[in-house]
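I opened a new page for this chain today. Here is what I looked up, entry by entry.

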Amino acid sequence: MKLWPIDKLMRNNTFFSKRIAVMLSATFFITGVFMTGCKKKDNELGLGLHPEEDLVGLNTTDTLSLITYNALSDSIVTDELASSNLLGSYVDPFLGKVSSSIYTHIRLEGAVDFIPSGGTINDIAIDSAVLYLDITGFYGTLDEQTFEVYQVTEDFYEDSTYYSNSTLTTDVVNLVASGMGSITPNGDLLSIPLSINDFAQPIVNQSGTGVLDGNDGDGEFIDWFKGLYIKVNNSSQMEGEGAILYLDLESSASRVTLFYRDTLGASTEHDTLEFDFNINSSCARFSNFNQDYTGTMVDQVLNDSTIGQETFFSQTMGGVRAKVDIPHALNLLDSGNIIVNKAELVLPVQYYSGDPLYPPDLLYLVTENDEGGISFIPDYNDSPGGNFDDDESSYTFNITRYYNQLISGEIKAQPLTIVSSGNAVSANRVVFNGPETILKDKPKVVITYSKYE
């Protein structure tokens, strides 16, 4: 099953409305997107289903056993996401090396002929070419990374769908200026110098051929120059090093700029001219994600689910999903006729203040059906997800309606899946304590219920 980003689905309202219950967003529900529906106070949940005079006292339990483990995610859609594209890599002590690369068109800012009137190509002196990428944030540690850029040799299209595991063929020549690829990102702009001989000069040489007359026509620029593949090559990166950069490719700051001079005439000291190749909403672009779990703790959990009873994980970028099963959820029925007044799933995490690999602010609980579809639990309209409590280092999810429907037989008992917000546009991960952790705080389901006659 493919997970679709919400901003992709919103392009077609009919499709979106039919599939919202089963499609999880890659921008996966920026806070407030689906905050519709009536909210009830916690102390009202579960009440009103039976006459108050029929209820007999309140009881609380937190002793239900849990089974926690991980499962691999399928690929997710990553093309033309409005909020950000991801670039870079970092080495997680639990989940290993995480990396992201980008495929994107670049477009002429307008028709251009670099040859000066009455001159030739030889009258153009190219000073430099620079790929600029607008940095809006990052996840990890901002230290040196080695960036590489290649020319795409395969057509790709803005109206096609590309996933986190999609790739395109590229040329073998690294277009980054020799010795200039190792960069420590800082500030708001990543500047990657490109080779004059390998990138700039071949483009300038197309003056007068029709290639530079426009972007989309047969034989014009994008037909000739199909795009850029931007990646990192951090083979020596160690645990705790590196970051995923969040880039706004639709920003006017994201572009390739060619700096050149017209030397025609007696003087060679002419002003430097600039020409931009834009990255904008008309460009096809997508991110490619890679996780290397080799020899990691998450690899152990994937190969032996019982290890997830000690530690388990949730990850964006199409990484692993956290699973929680409540195998004896219906044992409460042994107490007689009951109504659940309040039920919460509490999941402690391993996190200390200041850790650059911080948890996301919001997680969601979903269920997966036999056909591979995904839907929110019934409590979504009351409280869309679990907010991270920095003081307690835990997430708390309201599952009251879910639990009442479970014991009434309206829904079938099945494992709950934890999904991060920002699946395709953020690099967050979470390390959860399992029920058999040696640490103090363990996951639990806290249920307050009433018996009725």
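I'm working with a predicted model, where local features need pLDDT of at least 70, side-chain atom pairs count only at pLDDT 80 or more, and totals for chains, interfaces and linings use all residues. Numbering runs from 1 along each chain as its sequence is written, and side-chain values use heavy atoms, with hydrogens and water left out.

**Confidence.** I checked pLDDT, the predictor's confidence in each residue from 0 to 100. The chain average is 87, and 85% of the residues score at least 70. Residues 1–45 stay under 50, yet the model gives them 108 contacts beyond four places in sequence (contact: heavy atoms within 4.5 Å). Residues 47–53 are also below 50, and I found six contacts there beyond near neighbours in sequence.

**Make-up.** I found six helices and 24 strands (DSSP runs numbered from the N terminus: H or I, at least four residues, for helices; E, at least two, for strands). Of the 453 residues, 52% are buried, meaning under 20% relative accessible area with a 1.4 Å probe, protein chains only. I also looked at contacts between residues at least 6 apart in sequence: 80% of them join residues at least 24 apart.

**Cores.** A nonpolar core is a set of buried Ala, Val, Leu, Ile, Met, Phe, Trp, Tyr and Cys residues joined through side-chain atoms within 4.5 Å. Which residues touch the most other members of the largest one? I got Leu-133, Phe-199 and Phe-221, out of 42 residues. Strand 6 (residues 124–140) gives this core its largest share, six residues. Apart from this core lies another, of 33 residues, including Leu-365 and Tyr-395.

Technical notes
Buried means under 20% relative accessible area, exposed over 50%, partly exposed in between (1.4 Å probe, protein chains only).
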